[in-house]
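Work through the exercises below with the model open beside you. Try each task before you read its solution.

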Amino acid sequence: MAGGRTKDRHARARAGAGAATPAAFTLAAFIGALAAAGAAAAGPATWRIDPAASVVRFDLTVEGAPREGRFSEVSGSARFDPDDPSSARLTLDIDVSSLDLGDPLESGFAQGADWFDAKNHPVARYRLARLQEREGATFEALGDLTIKGTLKVVRTPVTVTFEGDAARATGSLTFDRREFGVGVGPSTLFVSIGAETSVSFEIIARREE
């Protein structure tokens, strides 16, 4: 019986693969954590991201020089059944006001209307549509990402390790910030920031009782 369930689970995970636009931010990290921890706990379960232990970092170029920043506040929860990964559901929020470039003036500038517009769009939100299992500890999630009022369908890979009821998901990716209307407006004429952004993430998820 166990072997039959495993084969069914892999068949469902492979079904429905399709094209999607480039991925952005952390997105699927939490879902990957759920999938990995499913090996330790059978049946549907509720999971929650640990905001204090999770972070999203990004690299970009400012006036031709490399810079590093981060979003320090992420939150979310999900339902996951290890016997049916394709049924997983997740809502993941990133607090745009937690953007930090290491300088208060620069961080405030990046949260302005022509950039992330934190005042009118304080949260970047991801909703999972489908989870797919790959080789080893690698997973891929397909979902909807909304930043600054713009929604894109994104596909995100993630590598996962876990211990007990906690899981750690890490990964990196590259995307064009202009796809979400970030850095398009009059104020962009006064500073040169590269369109391509590299993102790395570390998300800790914990299983709730």
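Predicted model: local features only at pLDDT ≥ 70, side-chain atom pairs only at ≥ 80, totals over all residues.

Residues are numbered from 1 along each chain as its sequence is written, and side-chain values use heavy atoms, without hydrogens and water.

**Exercise 1.** Find the strands that pair with strand 2.

Solution. Strands are DSSP runs of E, at least two residues long, numbered from the N terminus. Two strands pair if DSSP finds at least two bridges between them.
- Step 1: Go to strand 2, residues 55-62.
- Step 2: Strand 3 (residues 65-71) runs antiparallel to strand 2, with 7 bridges. Val62 faces Ala65 across this pair.
- Step 3: Look at the turn. The two strands form a hairpin with 2 residues between them, and Glu63 there has a positive phi of about 55°.
- Step 4: Strand 11 (residues 196-207) is also antiparallel to strand 2, through 5 bridges. Here Arg57 stands opposite Ser200.

**Exercise 2.** Sort the lining of the largest pocket by class.

Solution. 
- Step 1: Count the nonpolar residues (Ala, Val, Leu, Ile, Met, Phe, Trp, Tyr, Cys and Pro). There are 16.
- Step 2: Count the charged ones (Asp, Glu, Lys and Arg). There are 3.
- Step 3: The others, Gly among them, are polar. That leaves 1.

**Exercise 3.** Which residues touch the most other members of the largest nonpolar core?

Solution. 
- Step 1: Define the core: buried (under 20% relative accessible area, 1.4 Å probe, protein chains only) Ala, Val, Leu, Ile, Met, Phe, Trp, Tyr and Cys residues joined through side-chain atoms within 4.5 Å.
- Step 2: From its 39 residues, pick Phe58, Phe71, Leu99, Phe116, Tyr126 and Ile147.

Note on methods: Helix = DSSP H or I, 4+ residues; strand = E, 2+ residues; numbered from the N terminus. Buried < 20%, exposed > 50% of the residue type's maximum accessible area, 1.4 Å probe, protein only.
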